[in-house]
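Work through the exercises below with the sequence and the 3D structure at hand. Try each task before reading its solution.

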Amino acid sequence: MAGGIYLIQDDDRLVEMMEQPYDSEDQLQDLLVTYPNLIAGDQIDRATARRWLLISREAAPSDEETAVQWSLDHLFLDQNAVPTLVDVRRTPNAELRQKVLGQSIDYAANALFYWPVDSIIALFEANCRDRGRDPEHIFEEFLGANANEDLFWQKVKTNLQAGKVRLVFVADEISAEMRRVVEFLNEQMDPVEVLALEIKQYVSEDGLKTLVPRVIGQTAEAQQKKSSATRERRRWDESSFFAEIKARRGADEAQMAKAIYLWAKSQEPEVQIHWGTGDAYGGFAAQLPQKGRKPYQLFTVDIAGRMEISADNYGSQPPFNAEQNWLELRSKLSSIGLSLPIEPGERRSPSLALFTLQDESALKQVMETFDWVIEQIQTL
């Protein structure tokens, strides 16, 4: 029997809890359904812990003609709409390990084919019915009452199109061989994230039980690749930016970013485009030069799929530092989803998610709004 952990009771009594194997794979699978937090979202993303929406247990391909004759143990989505494919095994041996890895990678590679977004929604609703829960209520619990469900499912589709999925192999013990394979795959596969999750069970003589999850596979090199571009790729230009945003955010968001970029290019020489460095803030800025004053930065578009403006930049310069002009600017920008503060000059950076601009009229309104902004500045 492996070593244990120790629990201090309120009466200062030390309770030894010894590691104990699970009775079956089903027991471990049931625990993940009942307690999705066991997937250790705080370890997967330490900056913003992942939360989980269970789509289905025993999710199988929707195409009856497919040659794949097996099903995935669990399909989850996180709050960023990233499909998370979970396979559960009790201490897999070498032969089973190879089979599990091959099947899961096969499934991930063909996820869009197996699971169009309509199929994922149907799986989610069927799972809710089986559990006697209202799908809308579960969705509100997951993302909040004000969340836009349609936009969320669109984001799921975008992630699938970009191949942005997560594979998680779960066992009560992850062998050294399995660890090396997972670490290698996680370093090499981008944007796919490949992780192993070891969930050990500890039980005391009087029936107390605790579960200890540990995420495996996040080497320093893998984390750098998943969370940011390499140092050589952090100097953005037109080619590298649009290739990367398509890989990370999908073709739809890349198309939105391209349309905004082409609009800014069409305003040259009045508008200048400056390429940034870094990752989270890597992208381009559209600036309007001003004689004798700092340039107006109209907006930035970054690699995270956001258009962002600086309230301080607008509110500290004419013409928008005047109250009436500021109120008019607030109204114009609010209509496209950029919420300025009440007072000009307040330090705030409102942002707009590019995936909200997939409607052609919404994108057109954004461009027309900044046409108006440029016109107001140039009347000085």
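**Exercise 1.** Describe how helix 13 packs against helix 14.

*Solution.*
Step 1. Locate the helices (DSSP runs of H or I, at least four residues, numbered from the N terminus): helix 13 covers residues 323-334 and helix 14 covers residues 360-378.
Step 2. Take the geometry: the angle is about 160° and the axes lie 10 Å apart. Axes are lines fitted to C-alpha atoms over the stretch in contact, and angles run from 0 to 180 degrees between N-to-C directions.
Step 3. Classify the angle: helix 13 is therefore roughly antiparallel to helix 14, a term for angles over 145 degrees.
Step 4. List the contact (heavy atoms within 4.5 Å): helix 13 gives Glu328, Leu329, Lys332 and Leu333, and helix 14 gives Thr369, Phe370, Trp372 and Val373.
Step 5. Sort these by class: five are nonpolar, one is polar and two are charged. Here Ala, Val, Leu, Ile, Met, Phe, Trp, Tyr, Cys and Pro count as nonpolar, Asp, Glu, Lys and Arg as charged, and the others, Gly among them, as polar.

The model is predicted: local features need pLDDT of at least 70, side-chain atom pairs count only at pLDDT 80 or more, and totals for chains, interfaces and linings use all residues. Residues are numbered from 1 along each chain as its sequence is written, and side-chain values use heavy atoms, with hydrogens and water left out.

**Exercise 2.** Is Arg179 buried, partly exposed or exposed?

*Solution.*
Step 1. Find Arg179 in helix 8, residues 176-188.
Step 2. Its relative accessible area is 35%, so Arg179 is partly exposed (buried is under 20%, exposed over 50%, partly exposed in between; 1.4 Å probe, protein chains only).
Step 3. Beyond neighbours within four places in sequence, Arg179 contacts Ile174, Arg214 and Ile216.

Definitions and conventions: Helix = DSSP H or I, 4+ residues; strand = E, 2+ residues; numbered from the N terminus. Parallel < 35°, antiparallel > 145°, perpendicular 65-115°, else oblique.
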